[in-house]
Amino acid sequence: METDTATERSKLAQAAASEHLTPDDRIALLRTMLLMRGVEARAMVLYRQGKVPGSFYDGFGQEAVSVGAAFAMAAEDRLCVLHRDLGAHLVRGVPVERVFAQYMGREGGVTRGRDGNVHFGDKDLGCVGMVSMLPDMMLVATGMAMAFKLRGERRCAITWFGDGSTSRGDFHEAMNWAGVQRLPVVFVLENNQFAYSTPIEQQFAVEPSKRAAAYGFPGVPVDGNDVEAMFEAVRVARERALAGGGPTLIEAKTMRMHGHAAHDDMRYVPKELLEQWRRRDPIDRQVARVRELGVDVEALRALVDEEVEAGVEAALAMPMPDPATAREGVFAEVAEPLGDGLAPWSGFGPDREDDR
Ligand SMILES: Cc1ncc(C[n+]2csc(CCOP(=O)(O)OP(=O)(O)O)c2C)c(N)n1
């Protein structure tokens, strides 16, 4: 649980954040977290009614991690979003009806019914759809940051991943390459205490943020249930990345308040632990701050509820995709065949103009 040092750090971060956040920003942070929670709570009902096929993953209790972090990124940046980070899509402006349509496999969803709950991202909003192999989005973000560096573009990539992901080899590869190349990338480790049923004691032998030192860049522990602290940590990391300082690992300490997915009753999580974290709910904390600004939070909640309901209604009215179009948008289109039966990706060689 939160130590005095962590509380102190969180207070400092929040004080710093308020220098960069206008009152409207602080309200927007709350509004987006409320929207995320509202959408996910409603989607869970739709799932139970059999309207959401497949499984359903949510980020209940972790809203501050995706919302605060995404809020610190600029339009030209790129976001590699994971399965508990709906808030990042919402910050970038994906309409609620498209999210519900996505979950229900409708033509109006982000992938036009080609996938469901977690594998989606609107390129035009700067969001990259999740690759299920964990934590390969770290490699995707690192690759993007490499491209930004090679092209001399002033842009930054960010990705989220869980505590369980840090035990995979790809974590090392991404961290190492980003460190060696000093790439403009922000790694957000969502330390939500469990990887499915595996607790963090069986995941790390050291504080995970300390691992960053082995790759030559800072590791910053942050109260992941404080949306303004998350914003501030990512804002600083992004500035550093854009100034050529390289990556940062941000460890957002939070709690997965629901099961791994809708089917999981999380019997393996002690009730007292959940109760402790419930008292640190990220939305309640931001509500208290926004109330101090004189905002009518109940009116804000009512507006969000209306937006959620309107989104469900609009999505339910959308058609399912036409099976005849199932291949559309799934595979990359090849503008011009390369000839000699060569697939476009096998054409690299000394005489390829772009092979430098
Ligand atoms: C390489 C790999 N192994 C297993 C899975 C199945 N899987 C999906 S989410 C998940 C739990 C991951 O835990 P963590 O990284 O801590 O993220 P969390 O779900 O807790 O947010 C697992 C095992 C996967 N997607 N990829």
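## Confidence in the model

The protein has an average pLDDT of 92, and 88% of its residues score at least 70. The structure is a predicted model, and pLDDT expresses the predictor's confidence in each residue on a scale from 0 to 100.

One stretch calls for caution. Over residues 345-352 the pLDDT stays under 50, and the model has 6 contacts for this stretch beyond four places in sequence. Where pLDDT is low, the predicted coordinates should not be read in detail.

## The surroundings of the ligand

The ligand is surrounded by 15 residues, and the closest of them are H83, R84, S132, G164 and F194. Sorted by class, this shell consists of 5 nonpolar, 7 polar and 3 charged residues.

Backbone atoms of the protein take part in several of the pairings with the ligand. A polar backbone atom of S132 is 2.8 Å from a nitrogen atom of the ligand. A nitrogen atom of the ligand also lies 3.2 Å from a backbone N or O atom of L134. At S165, a polar backbone atom is 3.1 Å from an oxygen atom of the ligand. On its own the ligand has 570 Å² of accessible area, and the protein covers 75% of this area.

The bond from L134 to P135 is cis, with omega near -5 degrees. Most residues other than glycine have a negative phi, and most peptide bonds are trans. P135 itself is placed in the loop between β2 (127-128) and α6 (136-151).

## The loop between β7 and α8

G224 belongs to the loop that lies between β7 (219-223) and α8 (227-242). Residues count as buried when their relative accessible area is under 20%. G224 is therefore buried, because its relative accessibility is 0%. Leaving aside residues up to four places away in sequence, G224 touches A64, V65, M230, A252, K253 and T254. The C-alpha atoms of G224 and V65 are 5.5 Å apart in space, although the two residues are 159 residues apart in sequence.

D226 is found in the loop between β7 and α8 as well. With a relative accessible area of 2%, D226 is likewise classed as buried. The side chain of D226 is joined to that of R289 by a polar contact of 3.0 Å.

## Helix α3

V65, one of the residues that G224 touches, is among the buried residues of α3. This helix spans residues 63-71 and is mostly covered, with 8 of its 9 residues buried. The buried residues are E63, A64, V65, S66, V67, G68, A69 and A70. An α-helix has 3.6 residues a turn, so residues three or four places apart point the same way.

## Two residues with positive phi

Which residue in the loop between β4 (185-191) and β5 (194-195) deserves attention here? The residue is Q193, which is not a glycine and has a positive phi near 75 degrees. Q193 counts as buried because its relative accessibility is 14%.

M266 is another residue other than glycine with a positive phi, in this case about 45 degrees. M266 is located in the loop between β8 (248-253) and α9 (271-278). Its relative accessibility is 10%, so M266 counts as buried.

How values were computed. Residues are numbered from 1 along each chain as its sequence is written. This is a predicted model: local features need pLDDT of at least 70, side-chain atom pairs count only at pLDDT 80 or more; totals for chains, interfaces and linings use all residues. Side-chain values use heavy atoms; hydrogens and water are left out. A residue is near a molecule or strand if one of its heavy atoms lies within 4 Å of it. A polar contact is a pair of N or O atoms within 3.5 Å; within protein, one must be able to donate a hydrogen and the other to accept it, and residues adjacent in sequence count only if both atoms are side-chain atoms. Accessible areas come from the Shrake-Rupley method with a 1.4 Å probe; for residues, only the protein chains shown count as cover. Ala, Val, Leu, Ile, Met, Phe, Trp, Tyr, Cys and Pro count as nonpolar, Asp, Glu, Lys and Arg as charged, and the others, Gly among them, as polar. Contact means heavy atoms within 4.5 Å. Helices (H or I, at least four residues) and strands (E, at least two) are DSSP runs, numbered from the N terminus. Buried means under 20% relative accessible area, exposed over 50%, partly exposed in between (1.4 Å probe, protein chains only).
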